[in-house]
Amino acid sequence: MSALPETGSRVLVAGLGASGLALVRFLLGRGMRVRVADRKPASELEGSLSQVPEGDVELRAGEEGEDLLDGCAAVYASPGMPWDAALLEAARARGLIVSSEIDLFFELCPAPIVGITGTNGKTTTASMTASVLAQGPRPVLLGGNIGDTVLDRLDEVRPEHWVVLELSSFQLESCRRPRTAIAAVLNVTPDHLDRHHTMAAYIAAKARLVEAQDAGGVAILNGQDPICVEMAETAPGRVVWFDAHSPVPEVPVPGRHNQLNALAAAAVGRAAGLDDDRIQAGIAAFTAVEHRLELVEEIDGVAYYNDSKATNPEAGLVALESFPGRPVVLIAGGYGSGFELSAWVAAVRARTEAAVLIGESADLLAGHLEGHLVRRAGSLEQAVDVAGDLARSGGVVLLSPAYKSYDMFRNYGERGRTFKAAVRARAGAK
């Protein structure tokens, strides 16, 4: 069954974020009559509403009831809508098509796809992989959970492309068949359990990337991760353990985790037919991804790193292990609950001289870090100044929150940009 109904059908786009706007543009271009709904009132959607193209579009702001489905042949959900949301369950009960932006792209993309998922390291590895594949003869498009929406760029994709997609669990669960020529799963640790409810459901969402391949596919897996090892049993095609890749690439960004990310990108490059010289050239050409161990400034001998994309303790732990032998002042805290903190707390104690805590989890973390040098800050700007005053020359101020951003910011990107602005303001004041 196609993810697209007949031309002229009424379809519902649920959610007016970047993905929703891309869907509206695409569906109008395919001759659909589009109803757009968002639970937010119109007063909170002015920016998005101004980007809705002209055409047969019906806007329904501040609504989420089942009557939105009346007269529709399909509903397309944003990544932020749980796949078991009442509206989607009602659509299924009516026999409607239930799909998403990334599901449409998988169905319609004419080029082979490299899909990359994992709890941590997806963005860096996808970007490294695109840099590696760009050393070969084929053009490369990078997207998915990174950069611009891919549906907006479908028309530029040709069969000779490589398409590299960073794929979240939210996106993967919305795809009927996330078909890839090469699928990489980097690691799986607890995350997004408020959305998936159980660890088993979260693992199942990630595993779909491997299970959906055909016998000609290549699954690039982490032999050091027990869940990835189990996934190998479901792979229809060839399995490659990227942690065993040789030769080991030289990586231009800090952190042992980035060595593993580079090995995964290298394994994809080899599966795509590139030789080791081209693979190394692609790794060497890679520059740090924004909000992932991104060097912002050096002020009075102190390096300020933005790792706002560390939205869980496992990602925060990886960042803490990236500066061996250097004195670190950590800025951490934010939104979330239910995390296993013991390894992260031990690393903070062992690898930092001080921690500056922000956000909703600050009280909880202060209790876990009792006896360690801890300071509190009411804003990220204040945290930068407190951390900068505590840091010493040759050391690092590291924003690696280990929590999500929603208590203080719209997303980790806004949090990272706020940190960078505060650091640059401090540099300008020196």
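**Close-up views of a predicted model**

**View 1. Glu 101 and the residues around it.** Leaving aside residues up to four places away in sequence, Glu 101 is in contact (heavy atoms within 4.5 Å) with Ser 19, Leu 23, Thr 149, Val 150 and Leu 151. The model is predicted, so to speak of local features pLDDT must be at least 70, and side-chain atom pairs count only at pLDDT 80 or more, while totals for chains, interfaces and linings use all residues. Residues are numbered from 1 along each chain as its sequence is written, and side-chain values use heavy atoms, with hydrogens and water left out. Glu 101 belongs to helix α4, residues 101-108; helices are DSSP runs of H or I with at least four residues, strands are runs of E with at least two, and both are numbered from the N terminus.

View 2. Glu 101 is buried and has no salt bridge, with the nearest side chain of opposite charge, Arg 153, 7.6 Å away. Buried means under 20% relative accessible area, with a 1.4 Å probe and protein chains only. A salt bridge needs a side-chain nitrogen of Lys or Arg within 4 Å of a carboxyl oxygen of Asp or Glu; Lys and Arg count as positive, Asp and Glu as negative, and His and the chain ends are not counted.

**View 3. A cis peptide bond.** Ser 246 and Pro 247 are joined by a cis peptide bond, with omega about 5 degrees. Look for Pro 247 in the loop between β11 (238-241) and α10 (256-271).

**View 4. His 291, with a positive phi.** Phi is near 75 degrees for His 291, a residue other than glycine. His 291 sits in the loop between α11 (276-284) and β12 (294-299). Is His 291 buried or exposed? His 291 is buried, with a relative accessible area of 4%.

**View 5. Ala 402, with a positive phi.** Although not a glycine, Ala 402 has a positive phi of about 65 degrees. Its loop runs between β17 (396-399) and α16 (412-429). Ala 402 is buried, with a relative accessible area of 0%.

Key. Buried < 20%, exposed > 50% of the residue type's maximum accessible area, 1.4 Å probe, protein only.
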